[in-house]
Amino acid sequence: MSNKAARYIALGSMMKYTMPNFFIPSYFLTKFPMYSKEFGLVFALINIFMGPLAAVSSGILSDKYASKKSTNYMANPWIIIAGNVVALPALLISMTTNNFWLSVGLMSFKVLGFENWWPINIAMIQNATESRKFGTMLTASQFFSGTTYAICLTLFGYISNLLDLTLNPNRLGKIIAVFGSISMIGSSLAYFKAGIEYKKQR
């Protein structure tokens, strides 16, 4: 990608995909086996309501403060960063506390903050690229993000098997927290840099 803004947007998307969401249910079911039924119901409700709420609310904020004609070039990156600021402490506490209800309750804030990025990611690519190149840039971003997710999923699975994490949920929670921290901090930096590059283009 010759477009620096688009390059950093793709990097931000890739960093988001390093979050090992796939292993979060395993953590809860191994650490809190006595709450397996409650977890199934609450976790389903969290994903049904909080995920779409995050996407819709971020889309509304983006349309209001960061349209293509707007001069507020950093609005979109700040929306993503704000979501990460909410999600990161929620994830860290959720993955280390011994209180089930606190842990699963904080997971709702993690989902609300973390999942706000995708509509903004598309908006940022659209704003930073020419219309005729938008499809190519979006496809490239998706390809690299999907590849990153596959690599990280394989790596996390290898670490899980190597350290027998399914038998040690406390350690599993800490490693999820580490990967999540890398995902959120890395994506925040990448999207911030993308906003700066987009401002230079304008």
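Student: Is Leu-106 buried or exposed?
Tutor: Leu-106 is buried, because its relative accessibility is 17% and the cut-off for buried is under 20%. Keep in mind that this is a predicted model.

Student: Where does Leu-106 sit?
Tutor: Leu-106 is in helix H5.

Student: And what does Leu-106 touch, leaving aside neighbours within four places in sequence?
Tutor: Its contacts are Ala-90, Ile-93 and Ser-94. Take Ile-93: 13 residues separate it from Leu-106 in sequence, and the C-alpha distance is 7.6 Å.

Student: Next, Val-111. Which helix is it in?
Tutor: Helix H5 again. Val-111 counts as buried because its relative accessible area is 5%.

Student: What is Val-111 in contact with, beyond four places in sequence?
Tutor: Ile-46, Met-50, Gly-51 and Ala-54.

Student: And what is the C-alpha separation between Val-111 and Ala-44?
Tutor: 12 Å, for two residues 67 apart along the chain.

Student: Now a charged one. Where is Lys-110?
Tutor: Lys-110 is in helix H5, which runs over residues 100–114. Lys-110 is buried and has no salt bridge.

Student: Why no salt bridge for Lys-110?
Tutor: Distance. The nearest side chain of opposite charge is Glu-115, 4.3 Å away.

Student: Which side chain makes a polar contact with Lys-110?
Tutor: Asn-21, at 2.5 Å.

Student: What else does Lys-110 touch, leaving out residues up to four places away?
Tutor: Besides Asn-21, the contacts are Met-19, Ile-24, Ala-87, Ala-90, Leu-91 and Glu-115. Ala-90 also turns up on the contact list of Leu-106.

Student: OK, salt bridges in general. How many are there?
Tutor: One. It joins Lys-193 and Glu-197, and their closest N and O atoms are 3.7 Å apart. As background, side chains of opposite charge can pair when their charged atoms come close.

Student: Where do Lys-193 and Glu-197 lie?
Tutor: Both are in helix H8. They are four residues apart, about one turn of the helix.

Student: What about Ser-181, where is that?
Tutor: Also in helix H8, which covers residues 169–201. Ser-181 is buried, at 16% relative accessibility.

Student: Which backbone oxygen lies 2.8 Å from a polar atom of the Ser-181 side chain?
Tutor: The one of Ala-177.

Student: And what does Ser-181 touch, not counting residues up to four places away?
Tutor: Leu-88, Leu-92 and Gly-186.

Student: Switching to the surface. Which residues form the nonpolar patch of about 420 Å²?
Tutor: Leu-41, Leu-45, Ile-48 and Phe-49. The area is their accessible area together. Phe-49 is in helix H3, residues 36–65, and counts as exposed at 53% relative accessibility.

Student: And Thr-139, buried or exposed?
Tutor: Exposed, at 54% relative accessibility. Thr-139 is in helix H7, residues 134–162. From Thr-139 to Met-34 is 43 Å in space, C-alpha to C-alpha, and 105 residues in sequence.

Student: Where is Asp-164, then?
Tutor: In the loop between H7 and H8. Asp-164 is partly exposed, at 43% relative accessibility.

Note on methods
Residues are numbered from 1 along each chain as its sequence is written. This is a predicted model: local features need pLDDT of at least 70, side-chain atom pairs count only at pLDDT 80 or more; totals for chains, interfaces and linings use all residues. Side-chain values use heavy atoms; hydrogens and water are left out. Helices (H or I, at least four residues) and strands (E, at least two) are DSSP runs, numbered from the N terminus. Buried means under 20% relative accessible area, exposed over 50%, partly exposed in between (1.4 Å probe, protein chains only). Lys and Arg count as positive and Asp and Glu as negative; His and the chain ends are not counted. A salt bridge is a side-chain nitrogen of Lys or Arg within 4 Å of a carboxyl oxygen of Asp or Glu. A polar contact is a pair of N or O atoms within 3.5 Å; within protein, one must be able to donate a hydrogen and the other to accept it, and residues adjacent in sequence count only if both atoms are side-chain atoms. Contact means heavy atoms within 4.5 Å. Patches are made of residues with over 30% relative accessible area and no salt bridge: like charges are joined within 9 Å, nonpolar side chains (Val, Leu, Ile, Met, Phe, Trp, Tyr) within 5 Å. Accessible areas come from the Shrake-Rupley method with a 1.4 Å probe; for residues, only the protein chains shown count as cover.
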